[in-house]
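Colleague: I'd like a close look at one part of this model. Could you walk me through it?
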Amino acid sequence: MVKGYLLGQITISDKSQYKIYDSKIEKVIEEFGGKYLVKGGLRLVKEGHPSFQRDVLVEFKDVKTAQRFFSSQQFKEISKFRKAGSTGFLLLLNGKE
């Protein structure tokens, strides 16, 4: 089975709003069997000019599960805090077959 991934790159603009999101998101990810592979931390830019400051990579058992997570009511309810506290993007990706 091919793994599914959620890749995000963001810049935090309002730490208080983002902190609310951050305090709730891991529980939702775990409800869908996901796990963080990357969550902030060390970032060494080797080429190019990234637009955002923070990286997140979450692994799910497959893309369908990642899609269910992304479409879930739980994720939608807390995403308002992420959107109020940061700018960036999220991508759903499938792993290598």
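Which residues of helix 1 are buried?

Modeller: Quick caveats: this is a predicted model, where local features need pLDDT of at least 70 and side-chain atom pairs count only at pLDDT 80 or more, while totals for chains, interfaces and linings use all residues. Residues are numbered from 1 along each chain as its sequence is written, and side-chain values use heavy atoms, with hydrogens and water left out.

Now, helix 1: its buried residues are Tyr18, Tyr21, Ile25, Val28 and Ile29. Buried here is under 20% relative accessible area, exposed is over 50%, and partly exposed is in between (1.4 Å probe, protein chains only). Helices are DSSP runs (H or I, at least four residues), strands are E runs of at least two, and both are numbered from the N terminus. An α-helix has 3.6 residues a turn, so residues three or four places apart point the same way.

Those buried residues pack against strand 1, strand 2 (35-39), strand 3, helix 2, helix 3 and strand 4 (86-94). Take Tyr21: leaving aside residues up to four places away in sequence, Tyr21 touches Phe75, Ile78, Ser79, Phe81 and Arg82, a contact being heavy atoms within 4.5 Å.

As for its shape, helix 1 has 17 residues and spans 25 Å from first C-alpha to last, close to the 24 Å expected, which is 1.5 Å times one less than its number of residues. There's a bend of about 30 degrees at Lys24, taken as the angle between axes fitted to the seven residues ending there and the seven starting there. Just after helix 1, Gly33 has a positive phi of about 75 degrees.
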